[in-house]
Amino acid sequence: MSMSERLAELLAFDSKGGAEPMAACALAPEEQRPPHSGQPYVDLRGASLVYGSGGEQMLAIDRLDLQVGQGEFVAVVGPSGCGKSTLMKLVTGLLQPDAGAVFIQGQKVTGPVRNVGMAFQNSTLLPWRTTLENVLLPFELVKPHRQRIRRHHAEYRARAMHLLDVVGLKDFAEKYPWELSGGMQQRANVCRALVHQPPLLMLDEPFGALDAFTREELWLLTQQLWLKQRFSAILVTHDLREAVFLADRVIVLSKRPGRIILERRVDLPRPRSLAHTYEPAFSEIVHEIRDTILEARA
Amino acid sequence: MKTSTNVARQAWVPWVTTLALLVLWQIVAMVLGSASLMLPAPTAIAQSIGQHYDVIWPNALQTLYTTGLGFGLAVALGMVFGLAIGASSLIYRGVYPLLIAFNAVPKVALVPIFVLWFGIGTLPAVVTAFSLAVFPIIVNVATGLSTIDAEMEDVMRSLGATRWDILTKVGIPRMAPYLFASLKIAITLAFVGSVLSETIASNEGIGFLMQAASSRFDVPLVFAGVIVIAAMAVIAYQLCEVIEGRFTHWAKRGK
């Protein structure tokens with residue numbers, strides 16, 4: 001199935017499956033994303049990044065070319081210290097490349113990219129805010145919501161509550177982060193990253209600190225949210241099963257300086273279930289990626 | 001059940017220890033007999049407080065006034081300086097050595113200068129209280145601000161947060177427990193400053209009262225002054241703690 005065909009399918013899914021709950025969420029017209037065009041959403045062209053200065057210089061990323069299509073889910077894996085987190089910072093404009101360039105929707109990135117959802121391994125929830133208040137945070141910052149939230153607070157609250165309901169945290173909305181388990185905190189963290197429906201989601205080992213069962217549960221949740229909102233996503237992980245389960249394409253980086261050594265398309269049908277992960281087609285891809293990483297480490 | 005009796009028991013502990021100290025003190029004073037002129041018994045002090053109530057009361061109010069004013073100024077300016085130092089590494093580098101130097105100067109050496117500048121009485125007491133109380137507030141506020149999680153800052157910036165947004169939504173709440181912890185230290189230091197200045201250069205306040213009483217060898221009245229200051233400091237400290245609990249309940253987790 002081609003990229004555009006699948007996206008069309010996803011669009012249909014959204015208008016059917018998501019129409020009713022999402023109707024309440026249709027706040028601003030600019031949130032309706034333009035239909036898929038040929039232009040990639042994220043485009044790294046020959047991006048390099050050097051850490052440190054003077055004699056202690058270290059090349060973290062070396063002439064990296066990477067495109068992420070609109071609504072595409074890309075996973076980046078590689079040995080530790082291969083510059084995965086640096087890649088995240090380059091794409092979000094928190095760091096500027098020392099050579100090459102980063103483009104988002106054809107626009108060259110010169111400063112922090114606005115309107116990106118981010119989730120890290122440590123759930124960076126604010127401890128003085130309840131779960132609900134944490135999830136509402138993006139609305140207080142992102143335009144045009146930040147001008148509206150005071151007057152339309154109930155509306156935004158309902159929207160956040162709806163998402164908390166989807167991830168099963170409705171009853172914990174008024175609890176503080178330290179009253180939640182690790183898995184719940186991470187779910188709230190993903191909610192906060194997605195509540196304002198950003199066109200791009202960056203996940204930096206978001207489930208790395210969780211136990212295996214909770215992790216798999218959150219894979220399903222992430223897939224479900226992605227199928228609904230169709231954001232572009234970059235997932236940095238060192239869990240290969242996680243990468244293959246969630247992504248349309250898995251990128252393998254070499255050890256420092258990070259270069260792409262394998263690009264593997266995952267053509268497994270969606271929605272994927274946990275049972276799929278034990279099928280030969282799935283294992284085959286995981287093994288292929290694993291072998292490439294082992295070679296790179298040697 | 002067990003924990004609630006424990007809590008009830010713990011609430012009594014400070015009263016028990018205070019009472020024990022007073023009883024011990026009383027016994028020592030009685031054993032010393034006439035030599036207790038230099039260490040009057042708690043009963044003698046209580047008597048003195050009752051007797052000189054009309055003198056102690058206005059002087060205590062005066063000390064409370066200068067302390068409160070000095071403390072209030074220290075909180076306001078300490079927060080401004082602390083925020084500036086915590087938010088900008090340039091200001092930190094420029095100002096911090098000066099702050100340490102200023103803090104290291106014994107404030108008792110500064111009182112004569114304050115007297116030259118501000119005369120005697122209320123103003124030098126306020127300034128001394130301020131100069132002692134401001135340092136811990138500045139240091140704590142700056143520390144609280146500089147401990148913002150780098151990843152949290154990334155999250156905020158990628159949501160389009162301005163520096164102001166990060167300061168008000170992350171920096172200031174993050175700093176609050178540090179600020180309130182410093183208030184408890186600052187309020188007691190403010191009392192020290194006020195009494196210090198009153199002892200050297202004032203015609204009113206508990207410091208002045210104690211100075212005057214000691215020059216008349218009215219030892220029970222000197223001790224009465226000590227007790228009054230201590231009581232005011234304990235009450236002010238507890239007040240700070242209540243306020244702290246109100247604002248930073250999230251930082252005291254797992255109860």
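**Rings and their neighbours**

In chain A, the side chain of A:Arg45 lies over the face of A:Phe103, 4.1 Å from the ring centre. The model is a predicted one. Chain B also has a charge over a ring: B:Lys107 lies over the face of B:Phe102, at 5.1 Å from the ring centre.

Rings can also pair with other rings. Over all chains, a search of the whole structure finds 11 aromatic pairs. One of them joins B:Phe114 and B:Trp117; the ring centres are 6.3 Å apart and the planes stand at 50°, so this pair is tilted.

B:Trp117, with a relative accessible area of 61%, is exposed.

Another aromatic pair, B:Phe180 with B:Phe247, is stacked, with 5.5 Å from centre to centre and 20° between the planes. This pair links distant parts of the chain: B:Phe180 is in helix α8 (residues 163–200) of chain B and B:Phe247 in helix α10 (residues 219–247) of chain B, 67 residues apart. B:Phe180 counts as buried because its relative accessibility is 10%, whereas B:Phe247 counts as exposed at 54%.

Back in chain B's tilted pair, a further ring joins in: ring pairs link B:Phe114, B:Trp117 and B:Phe118 into a cluster.

Methods: Residues are numbered from 1 along each chain as its sequence is written. Chains are lettered from A and ligands numbered from 1 in the order in which they are written. This is a predicted model: local features need pLDDT of at least 70, side-chain atom pairs count only at pLDDT 80 or more; totals for chains, interfaces and linings use all residues. Side-chain values use heavy atoms; hydrogens and water are left out. Rings of Phe, Tyr and Trp (its six-membered ring) pair if their centres lie within 6.5 Å; planes under 30 degrees apart count as stacked, over 60 as edge-to-face and the rest as tilted. Buried means under 20% relative accessible area, exposed over 50%, partly exposed in between (1.4 Å probe, protein chains only). Helices (H or I, at least four residues) and strands (E, at least two) are DSSP runs, numbered from the N terminus. A charge sits over a ring if NZ of Lys or CZ of Arg is within 6 Å of the ring centre and within 35 degrees of the ring normal.
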